[in-house]
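The sequence and structure are shown below.

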Amino acid sequence: MDDAFTENVLLAMEYERQRKEPPEGFPKLPLIPGGRYTDPEFQQLELEGLWKNSWLYACHLDEIPEQGSYLLWNKTSSPIILLRDKDKVVRAFYNTCQHRGGPLLKDAKGKVDGRLVCGYHGWCYNLQGELTSIRDKRDFVDLDLSSRSLTTVKCERIGNWVFINENPLAEPLIDHLQLIPAHLQQFQPDNIRLVHSKSYDVDCNVKILLDAFFEVYHLSSIHQNTVDRFLDHRGTVIKLWPNGHSTMITPNRNPEWVDPGTVNMAEIATVTEIPTKHNMSLNFYPNLVSPMTNTGMPFLTFWPVSINTMQVDCHWFAPAGEENESHPLWETRIENFERILYEDTQFAPQIQESVESPGFEGVTLNYQERRIYHWHEELDRRIGIERIPEHLRVAPLLESYIEKT
Ligand code: FES
Ligand SMILES: [Fe+2]
């Protein structure tokens, strides 16, 4: 980003450190109703309004390296094929044969040779999803093959990162991301490679853990011996952006501090001062959180599994280059981060028990936790506030705090 952004953030950090109370006029945030974490009706609304109605990070091109490479992806209760064609084109289809719903692909990943063949009766589709041949065609009356293509899912890339959206009317990814692409450019997204991926199962509603990644109020408790030693949460700058996105910049206690897990790793020369010297965590709404640095970044993605279980995936990326991707410090860096992630998950099952208990009325939020409120406001907009039972709604209050440029 430009110098104006850097200057703006540095000034805001100073303001945050000095302030004695929230800025004048900042509203008292109402409780976020506990039922949003426990109510099956709300979960169904969330599935339709959020998970099937949002741009979601799906994979990196390195996971589907050649024409015909595919991944089977099932994060939103529907089986989706991510399939690479030539020229880095990636398409997404439901893994659903248009004859009687048989699966085209059964393995979690692999490579097809120019066509997808249904396992049930052998209907064949090309890499564009068009039905090209069927067995015993003479037995079908007036079957127009061109009307039986696979159902596509919107699929777009930013750099080497692939996103999908199950809403066929969704706006283009780049428009949806609003201010994020301008911040991403400095990381050269076309030149980013996948280093490592791992998934973690956690016994809580997906939003319990996601909420933890939107604030640094918890640093001096659960990260006392890790993150809190090098980040100063009292100087944290938060920017609420349109479409529910946001960023949180937490100053390093010492701007010259270097993460020991990154010493001598290759640096992306175009990365500016804020992500280089401080901790800048982006939220691509709804469920991608990335603290981005000049030596690479993890993408944390949070997925619902059931109403009280979830999975968090952690994908690590490095600037392209053999020596960067296989740098010996990656193991240390990933282990250090994993330790922090375990700190974040340690109370999650008990928090879930609490929100399900009569002892819990709702989530109380302060000024520095306002990203959580912003996230929930956007959730209600996506679902459509009139569809949400009144006692589960969040009153829209933060519109005037959203930065549009
Ligand atoms: S279900 Fe696919 S060919 Fe019959
Ligand atoms: Fe944390």
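In what sense do S7 and strand S8 pair, and over how many bridges? In this predicted model, S7 and S8 (residues 124–126) are antiparallel and are joined over three bridges.

## The seven-stranded sheet

A further open sheet consists of seven strands in the order S2-S11-S10-S5-S4-S3-S6, and its pairing is antiparallel. At its edges stand strand S2 (56–60) and strand S6 (109–111), each with a single partner strand, so one side of each is left without a neighbour in the sheet. The twist in this sheet averages 25° from one strand to the next.

Within the sheet, strand S3 (residues 69–73) and S4 run antiparallel and are joined by four bridges. Leu 71 has Leu 82 in S4 as its bridge partner. The loop between strand S4 (80–84) and strand S5 (90–94) contains Lys 88. This residue has a positive phi, near 60°, although Lys 88 is not a glycine. Lys 88 counts as partly exposed because 13 C-beta neighbours lie inside 10 Å, a count between the limits of 12 or fewer for exposed and 20 or more for buried.

The protein chain is divided into domain 1 (3–54 + 179–401) and domain 2 (56–165). The C-alpha centres of domain 1 and domain 2 are 32 Å apart. To their contact, domain 1 contributes 18 residues and domain 2 contributes 13 residues.

On the side of domain 1 that touches domain 2, at least two residues come from each of H2, helix H4 (180–184), strand S12 (192–202) and strand S17 (297–306). By class, that side of domain 1 has eleven nonpolar, four polar and three charged residues.

## Packing of H2 against H12

From H2, Leu 45, Glu 46, Gly 49 and Leu 50 meet Leu 379, Arg 382 and Ile 383 in H12. By class, four nonpolar, one polar and two charged residues make up this contact of H2 with H12.

## The S13–S14 hairpin

S13 and S14 form a hairpin with five residues between them. In the turn, Asn 243 has a positive phi of about 60°. Strand S13 (residues 237–240) and strand S14 (residues 246–250) pair in the antiparallel sense over four bridges, and Thr 247 in S14 is the bridge partner of Lys 239.

Which residues of S13 point one way, and which the other? Val 237 and Lys 239 point one way from the strand, whereas Ile 238 and Leu 240 point the other way; all are buried.

## Loop residues

Gln 188 lies in the loop between H4 and S12. Its phi is positive, at about 50°, although Gln 188 is not a glycine. Gln 188 counts as partly exposed because 15 C-beta neighbours lie inside 10 Å. Pro 286 is located in the loop between strand S15 (279–284) and strand S16 (288–292). The peptide bond from Tyr 285 to Pro 286 is cis, with omega near 5°.

Ile 307 is situated in the loop between S17 and strand S18 (309–319). With 19 other C-beta atoms within 10 Å, Ile 307 is partly exposed, since a buried residue requires 20 or more. Ile 307 and Cys 204 are 103 residues apart in sequence, while their C-alpha atoms are 7.7 Å apart in space. Leaving aside residues up to four places away in sequence, Ile 307 touches Thr 38, Pro 40, Gln 43 and Asn 205.

Terms used:
Residues are numbered from 1 along each chain as its sequence is written. Chains are lettered from A and ligands numbered from 1 in the order in which they are written. This is a predicted model: local features need pLDDT of at least 70, side-chain atom pairs count only at pLDDT 80 or more; totals for chains, interfaces and linings use all residues. Two residues are in contact if their C-beta atoms, placed from the backbone, lie within 7 Å. Ala, Val, Leu, Ile, Met, Phe, Trp, Tyr, Cys and Pro count as nonpolar, Asp, Glu, Lys and Arg as charged, and the others, Gly among them, as polar. Domain bounds come from an automatic or database domain assignment. Two strands pair if DSSP finds at least two bridges between them. Axes are lines fitted to C-alpha atoms, for helices over the stretch in contact, and angles run from 0 to 180 degrees between N-to-C directions.
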